[in-house]
Amino acid sequence: MTRFPRPRVRLFALLVGAIFMTLMSVRKLSPFRDLLHLPATPFDRGDPAAAAAFLFLQTAERVIPPGETATVMTEPRDAARESSLFGLSIALIPGRRLLPSAQWSVFTPELSAEVRYVIVLGPRPATEPGSLVHADPLGTVWRRERR
Amino acid sequence: MRSGFLWLLSFLIFPLAGWPLLGHPIYRRLGFVSRLMLSGAVGCIAVTTAMTVSTVFHFSWQPALLVPASMVILIGARLLIGLTPDPPRPRRGDRFRYFEWIALSVIFISSCAATLAATSASATSADLVLFWGPKAMAFAKARGVDAAYLSDPLLRYQHFSYPPLVPNAYALATLLAGRFSWLAAVMTFPLLLVALGLALPGIFRGWCSRHAALVASACVIASLALIGQTYLIAGNADIFLLTFEVLAIAVLLGTERGGKASLLLSGILFAGAASAKVEGLPFVVAAGLLFLLLLASRRGFRRPAAAALLLGPTAIVVAIWFFFEKSRLGVLGYESYGPFLEADWRSSGRVVWMTARALASAGVGLPWMLPVAALAVSVPRKREALVPVLTAFVLTVFFLFTYLHGGDPSLLISWSAGRIFAVISPLLIVASVAGLKSECPSVEAADP
């Protein structure tokens with residue numbers, strides 16, 4: 001019986017493992033027809049909720065004038081989600097002073113009360129935070145009157 | 001779309017910036033493709049360091065000046081190597097055997113899978129939008145590392161103390177392209193993976209047979225592609241860190257007897273790892289010290305001189321960043337989850353269990369289990385293998401230890417363990433081919 005040198009067995013094991021890992025990578029890919037379309041956001045297939053928020057905040061960026069103050073809320077209110085949306089808004093609405101409506105999963109009303117524009121992700125809130133500037137199925141943007 | 005392409009194309013200045021060093025004839029033995037990729041890595045490190053230095057000295061970033069300034073620094077580094085006789089060029093090999101064709105196909109298909117995962121937005125890291133991207137945009141707008149932005153108390157979640165290589169690189173691309181591109185930033189994952197796939201065979205070839213070099217490269221790329229897709233690393237700093245770490249350890253093991261060139265190159269790549277992410281620094285300390293202890297004197301180096309070449313560049317880049325922190329932000333060092341020595345030892349069993357569970361989600365842990373099994377099949381009897389194996393061991397213990405801080409670690413482990421432990425897989429793969437030149441009877445002995 002032929003005896004293979006052990007380093008060769010080691011290399012063979014590595015190559016077989018590499019083939020398996022490659023197959024797993026290919027299996028993880030989205031369906032073929034999805035791969036043919038460029039995504040609208042960096043989260044289209046990985047995190048649909050983040051993708052929706054990304055799209056809506058890009059829209060909000062177009063309706064909020066530069067230099068204004070703004071905050072992002074959700075409907076219904078969710079401190080954990082609003083904390084991460086604050087981070088997303090910093091990335092997607094540059095040139096405005098963004099203040100958090102929640103940080104580290106704790107509401108921060110003392111900060112969000114100061115802003116002129118309120119971005120609400122989700123359905124229209126029962127208590128309107130100002131006058132409506134923009135509405136679409138993903139959310140609404142509101143402008144508060146200056147005090 | 002156009003600005004996205006421009007954003008990515010701007011990365012082409014890095015190989016140009018790094019060529020003054022990699023153009024040295026001593027590196028010819030690595031082959032042209034590997035030299036070009038290494039030049040990109042070295043250029044990226046030099047340019048982004050020059051960006052931090054210019055902020056320290058209150059100069060605003062001018063891309064037209066940053067690249068020549070980096071080239072001057074690297075010409076200085078080249079002078080350290082001095083004139084050397086031309087090394088033997090890589091011998092043109094025989095025709096590829098089926099074993100090697102399979103390895104090349106694995107590299108190609110894994111790279112394609114990573115590219116498709118990135119272009120279809122299914123591997124994007126949330127950290128890209130939470131801090132790497134916003135920091136880059138702020139830095140590009142300020143034309144410098146923006147101290148006011150980093151000190152904003154509302155933006156503490158953006159980790160002001162994280163080293164600046166990736167935000168600086170993204171900011172430079174933003175300045176050159178005219179705007180930041182999210183999808184282009186996501187493409188850095190496959191871009192660097194492809195660069196690694198092109199660089200590794202030539203580097204491994206310096207110290208193991210051609211088929212071992214190709215198999216090891218294939219295994220590293222397949223492992224990182226799977227890890228990247230599973231733990232969503234596209235767009236964040238992990239692929240930069242992994243690229244520098246893998247290149248550094250591969251170059252280090254190929255250090256020629258008494259030659260400074262590989263040691264200096266590893267030292268610069270170590271500096272890149274330490275400037276890419278906080279986890280880079282323990283890697284540099286572990287791998288650097290283990291090399292000095294186990295291999296330096298065997299390869300004819302005096303330890304202090306070898307330490308200066310290997311760890312000096314890291315000491316310089318870390319000192320520059322800490323100086324910036326101290327002078328502009330009023331803090332020193334990296335953020336932590338509590339006093340370092342106050343670990344909650346009672347949760348150690350839970351931490352190990354949760355980490356193992358987190359790692360199992362990438363192909364039932366195959367990226368880590370495979371090289372462990374390969375090493376168990378036949379333990380390499382070479383000191384070269386000890387450096388990556390012990391580095392992997394030290395890092396594993398260190399990372400587990402860090403999880404013993406800051407209360408309940410379950411959330412932290414679930415979102416970070418796969419990325420943080422990613423480096424262990426290529427380290428063990430490298431170890432499993434270390435020393436194969438003399439062990440494997442079929443290897444061509446005449447190769448450089």
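Chain A has a radius of gyration of 24 Å, whereas a compact globule of 147 residues would have one near 15 Å; this radius is taken over C-alpha atoms, and the globule rule is 2.2 Å times the number of residues to the power 0.38. The model is a predicted one, in which local features need pLDDT of at least 70 and side-chain atom pairs count only at pLDDT 80 or more, while totals for chains, interfaces and linings use all residues. Residues are numbered from 1 along each chain as its sequence is written, and chains are lettered from A and ligands numbered from 1 in the order in which they are written.

Taken along the principal axes, the C-alpha atoms of chain A fill a box of roughly 90 × 35 × 30 Å. Chain A has five helices and seven strands, which from the N terminus on follow the order α-α-α-β-α-β-β-β-α-β-β-β; helices (H or I, at least four residues) and strands (E, at least two) are DSSP runs, numbered from the N terminus. Of the 147 residues of chain A, 41% count as buried, that is, with 20 or more other C-beta atoms, placed from the backbone, within 10 Å of their own.

Where chain A meets chain B, the contact takes 39 residues from chain A and 54 residues from chain B, two residues being in contact if their C-beta atoms, placed from the backbone, lie within 7 Å. On the side of chain A that touches chain B, α1 (6-28), α2 (32-35) and α4 (79-92) of chain A each supply at least two residues, and α1(A) gives the most, with 19 residues. By class, this side of chain A has 25 nonpolar, seven polar and seven charged residues, where Ala, Val, Leu, Ile, Met, Phe, Trp, Tyr, Cys and Pro count as nonpolar, Asp, Glu, Lys and Arg as charged, and the others, Gly among them, as polar.

Within chain B, the axes of helix α3 (residues 32-56) and helix α8 (residues 165-177) come within 9 Å and cross at roughly 90°, the axes being lines fitted to C-alpha atoms over the stretch in contact, with angles running from 0 to 180 degrees between N-to-C directions.

Definitions and conventions: Buried ≥ 20, exposed ≤ 12 C-beta atoms within 10 Å, placed from the backbone.
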